[in-house]
Structures are given as structure tokens and as C-alpha cells.
Amino acid sequence: MAGQLSKHFRVSSRTSNVYGSRFASQHMPSQYFPEEEMPKDVAYRMIKDDLILDGHPMLNGQEEEAEKLIAESSNKNVVDQEEYPKSVETEHRCINILANLFHAPTENNETTAIGTACIGSSEAIMLAVLAMKKRWQNAREAAGQDTSSPNLIMSSGVQVCWEKAARYFEIEEKLVPCTSTRYVIDPVQAVDLVDGNTIGICAILGTTYTGQYEDVKGINNLLVQRGLDTPIHVDAASGGFVAPFVNPSLEWDFALSNVVSINVSGHKYGLVYPGIGWALWRSSSYLPDDLIFNIHYLGSDQLNFTLNFSKPASHIIAQYYQMIRLGKRGYTAIMTNLTDTADYLSSQLSALGFIIMSEGSGDGLPVVAFRLGPEQGVLFDEFAVSAKLRERGWIVPAYKMAADAGMNMMRAVVREEFSRSRCESLVCDIRWALKALVEREVLNVQRYQA
Ligand SMILES: Cc1ncc(COP(=O)(O)O)c(C=O)c1O
């Protein structure tokens with residue numbers, strides 16, 4: 001009956017109301033290219049409303065001026081060097097600024113470092129791993145040695161892109177295990193694993209799990225002591241935009257002799273929207289020539305060393321905006337506030353009986369990693385707490401810590417929009433979640449006993 005009615009009363013697709021149009025009663029195309037067009041307001045509303053179930057990033061992430069620059073340059077492809085030379089120059093400026101921030105050597109007042117913008121740290125890491133592999137291969141071939149079994153040393157707490165890089169480029173992963181009390185690489189174990197087939201060691205400045213900084217200096221010094229020139233790549237996806245401002249005396253970057261390459265994400269603490277990362281090499285000698293493509297494109301010769309070819313200019317421009325708008329003082333102010341908030345959150349969670357797994361006081365990222373402690377005496381786990389918090393709109397994910405550490409954990413990443421008062425609300429809601437879960441647990445026990 002309903003079907004018949006709708007047949008009789010179906011209005012034309014030209015109705016002015018999106019949800020009165022025939023498109024609202026059809027599935028959104030998900031398999032095949034639609035045969036016909038759809039009015040623009042209908043397409044817009046249907047997509048916008050469909051996305052409503054996504055989480056909501058805070059609106060004040062980037063300033064209006066940065067958003068305007070993004071919108072004004074969103075149709076520029078930075079690979080067209082001939083057409084967009086100023087965007088290309090902006091990329092070079094960002095690379096130079098980062099190279100100097102990361103203490104790359106200089107010659108005649110110019111940095112020796114080279115680099116490229118990428119889509120994120122993952123792409124940057126792929127490139128850095130390829131460069132380390134190729135350099136190792138070239139050296140071994142020149143010495144008439146076997147090149148069939150390259151290996152890469154890293155902690156078992158690496159982000160998945162390292163496992164990807166190892167698998168894609170056929171490199172053995174030599175893992176230094178995390179333990180139930182150490183969630184970062186052990187420098188001695190790492191350096192003990194070095195052999196003639198080692199292409200490099202990865203050290204993380206701000207691990208994904210706990211935000212802790214791995215001891216890059218410790219690894220570097222051990223290598224130097226043992227007379228090893230094994231390259232270190234620092235995965236500074238998050239820490240690269242935090243440590244130089246909050247903890248400037250920390251030695252982790254090109255100031256250390258064996259650090260040959262560094263990646264950093266612009267879209268984490270670089271304060272740009274997703275789609276931007278940076279790869280930097282200490283000097284051109286660490287990026288073998290055979291990885292650099294000299295292409296003749298749109299009338300000019302260009303050097304190209306990315307996995308992708310086309311690349312949007314807009315996020316490079318937004319990164320440059322953030323650098324010159326905020327300067328060192330602005331980044332320091334923001335990162336220090338985030339660190340203070342993270343410290344406050346840690347102290348509140350610790351008072352609730354949680355075990356804090358992250359470092360405070362700027363010795364790690366503004367990330368709070370925590371797990372349920374024995375004095376809380378509960379049977380439910382971190383996944384239950386995380387799910388309960390979802391009911392109040394918080395996304396505080398629970399994870400299994402790196403396999404060998406054998407534990408669950410939760411992680412709150414403190415970002416720009418997470419003010420002290422939002423932090424207070426989160427603490428309040430964590431208290432509420434714990435209470436609700438304990439009450440349910442008691443009820444379940446009583447039911448079971450009855
Ligand atoms: C330590 C670390 N490395 C690499 C990545 C990958 O970064 P991206 O998302 O920019 O590719 C992440 C992302 O979480 C990370 O935490």
C-alpha cells in the first residue's frame with residue numbers, strides 16, 4: 001500500500017526540497033557510476049548528511065586566513081614547477097626552515113640538507129627506508145659483497161608504516177622487543193643487533209602508543225663508541241614539531257653524527273590539516289642519485305623523489321603560513337600549554353588509580369597513555385572504559401600495547417583545541433564512566449549469585 005501511494009504521489013526530481021526528491025529514496029551510488037546527473041544542492045546535502053556520523057574535528061583547527069590560503073590554492077599541483085614556481089619555492093622554504101630547526105649542518109651559511117614534502121610521515125618513511133637500502137646496496141656492491149638480505153632495526157612499538165616499508169621493500173625487520181615496563185627501544189639491544197646487512201636503525205621521537213621519546217642520543221653514542229657508521233632515521237612524526245619548542249636541549253636530530261634522515265608530519269603537531277608530511281636528509285649524499293628522477297615535464301627539467309607524482313600545493317602553503325604566523329614563540333606557547341594540560345590530565349588519572357605510561361614535563365609528547373591499575377580492583381578492561389566514554393562523545397581509544405608488552409592501554413592525545421576546561425570535563429566523564437561500570441559489575445555479580 002505504501003509503495004502504491006508513493007507511486008501515485010511521487011514528485012519530480014525538480015522539487016526544491018532535497019528530501020522530497022527521488023534521490024532521497026534511493027541508495028547513494030556505491031558501486032557503479034550513476035547514469036545521470038544529480039542537482040548540485042542534492043549532491044551536496046546528501047554527502048554532507050551522510051558524513052554526519054563521522055567524528056567531529058574541532059572547527060578552530062586552522063585560522064581563517066590559513067583556510068583561505070588553502071581554498072585559494074586547492075587547484076594547484078605543485079608538480080607543475082613551470083606553472084607554480086612560487087608554490088615550489090614555498091616548499092623549499094619550509095624544508096630549509098625545518099632543516100635549520102633540526103640542526104642540519106650548514107656550508108657557507110646554507111643548509112646542506114635536502115628534503116621533500118610528502119602526503120604524510122608514512123610516505124616520508126618509505127622514501128627514507130628506500131634511501132637507506134639503496135645506499136647500503138651500493139656500498140656492498142662496490143665492495144663485492146652480497147646484497148640479498150638487508151635488515152632494519154626498530155622497536156616492536158613502531159607505527160605500522162615501518163612494517164609496511166619493510167614488507168614492501170623486502171627488508172627483514174629486526175625488532176627490539178618492548179616489555180611490560182619499557183615501551184621504547186633499548187639502545188644497547190638495538191646496537192647489538194647491527195650486522196653487515198643492517199641498512200639502518202629507526203628511533204622514534206614520540207611513539208604512537210605512549211608518546212615517549214626514544215633515546216636517539218644513546219643509540220648514536222653507542223654506534224660512535226663501537227666505530228659503526230650505521231645510519232639512524234628519526235621518526236619524528238609527532239615529536240618534530242614538539243621537542244624543539246618544549247625541550248630544546250634534547251639531542252635527537254641532525255646534531256647527532258649518525259642521524260641521516262628525519263620525517264615529521266605537518267598534520268599532527270605541525271598544526272596543518274591532513275595531507276602533509278616532510279622527509280629530510282642530512283645532505284644529498286644520503287639520498288642516492290638512482291632514486292632521484294630527472295624528469296622533463298611541462299618544459300622544464302625537474303628533480304623528483306617522491307612515491308607520488310602529483311601533490312597538492314595547498315597544504316605546503318598552509319604549513320608555511322603556520323611557520324611564519326606562529327614563529328618559534330607561537331609554537332612554543334601552544335606546545336607548552338598542551339604539555340601542561342597533559343601533565344594535569346596525568347595527575348588526575350593517577351589520582352583515580354590509573355597507571356600512567358607516558359612521560360610528563362615535556363620529556364615526551366603531550367599524550368597521556370594510561371591503563372587500569374591494581375588498586376582500582378575492577379574486572380572490566382580499558383576497552384569497556386573507552387566504549388563508555390563514547391556515550392559522552394569522547395574518543396579515547398583503547399589499544400593492545402605492542403604485542404610483547406602484553407597489556408591493554410588507553411591514550412588521550414592532547415591537541416590544540418583541548419583546553420584545561422575540556423580536560424576537566426573529560427576527567428569528570430572518566431569518573432562517571434568508572435562509577436557506571438563498577439555499578440554494572442556489582443549488579444552482574446549479584447545477579448550471578450542470585
Ligand atoms: C610514530 C609515527 N610514525 C609514523 C606515523 C604515520 O604518520 P602519517 O599518518 O603522517 O603517515 C605515525 C602516525 O600515527 C606515528 O605516530
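This is a predicted model: local features need pLDDT of at least 70, side-chain atom pairs count only at pLDDT 80 or more; totals for chains, interfaces and linings use all residues.
**Overall build**

- The protein chain carries 12 helices and 15 strands.
- Along the principal axes, its C-alpha atoms fill a box of roughly 85 × 70 × 45 Å.
- Of the 450 residues in the protein chain, 40% are buried.
- If you look at contacts between residues at least 6 apart in sequence, 68% of them join residues at least 24 apart.

**Helix α4 against helix α10**

- A packed helix pair is described by two things, the angle between the axes and the distance between them.
- For helix α4 (residues 85–101) and helix α10 (residues 314–351), those values are about 50° and 9 Å.
- That angle makes α4 oblique to α10.
- The crossing of α4 past α10 is left-handed.
- On the α4 side, the contact uses Ser-87, Thr-90, Glu-91, Arg-93, Cys-94 and Ile-97, while α10 brings in Ile-316, Ile-317, Gln-319, Tyr-320 and Met-323.
- Sorted by class, the residues of this α4 and α10 contact come to 6 nonpolar, 3 polar and 2 charged.

**Helix α10 against helix α12**

- α10 also pairs up with helix α12 (residues 420–449): their axes come within 10 Å and cross at roughly 20°.
- So α10 and α12 are roughly parallel to each other, given that the label applies to angles under 35 degrees.
- α10 goes past α12 in a right-handed crossing.
- Thr-341, Tyr-344, Leu-345 and Gln-348 from α10 meet Arg-420, Cys-423 and Val-427 from α12.
- The class tally for the contact of α10 with α12 is 4 nonpolar, 2 polar and 1 charged.

**Helix α11 against helix α12**

- α12 has another partner in helix α11 (residues 382–390), with axes that come within 9 Å and cross at roughly 115°.
- The crossing of α11 past α12 is right-handed.
- From α11, the residues involved are Ala-384, Val-385, Lys-388 and Leu-389, and they meet Asp-429, Ile-430, Ala-433, Ala-436 and Leu-437 of α12.
- In the contact of α11 with α12 there are 7 nonpolar residues, no polar ones and 2 charged ones.

- As background, most residues other than glycine have a negative phi.
- Asn-108 has a positive phi, near 50°, and is a residue other than glycine.
- You'll find Asn-108 in the loop between β1 (106–107) and β2 (110–111).
- Asn-108 counts as exposed because it has 5 C-beta neighbours inside 10 Å.
- Glu-170 is another residue other than glycine with a positive phi, in this case near 55°.
- Glu-170 is in the loop between α6 (160–168) and β5 (172–176).
- With 10 C-beta neighbours inside 10 Å, Glu-170 counts as exposed.

- Val-188 is part of helix α7 (residues 187–192).
- Val-188 is exposed, because it has 12 other C-beta atoms within 10 Å, which still meets the limit of 12 or fewer.
- Val-188 and Ile-125 are 63 residues apart along the chain, and their C-alpha atoms are separated by 24 Å.
- Back to Ser-285: it is 161 residues from Ala-124 along the chain, with 17 Å between the two C-alpha atoms.

Note on methods
Residues are numbered from 1 along each chain as its sequence is written. Helices (H or I, at least four residues) and strands (E, at least two) are DSSP runs, numbered from the N terminus. A residue is buried if 20 or more other C-beta atoms lie within 10 Å of its own, exposed if 12 or fewer, and partly exposed in between; C-beta atoms are placed from the backbone. Axes are lines fitted to C-alpha atoms, for helices over the stretch in contact, and angles run from 0 to 180 degrees between N-to-C directions. Angles under 35 degrees count as roughly parallel, over 145 as roughly antiparallel, 65 to 115 as roughly perpendicular and the rest as oblique. A crossing is left-handed if the near helix is turned anticlockwise from the far one by less than a right angle, and right-handed if clockwise. Two residues are in contact if their C-beta atoms, placed from the backbone, lie within 7 Å. Ala, Val, Leu, Ile, Met, Phe, Trp, Tyr, Cys and Pro count as nonpolar, Asp, Glu, Lys and Arg as charged, and the others, Gly among them, as polar.
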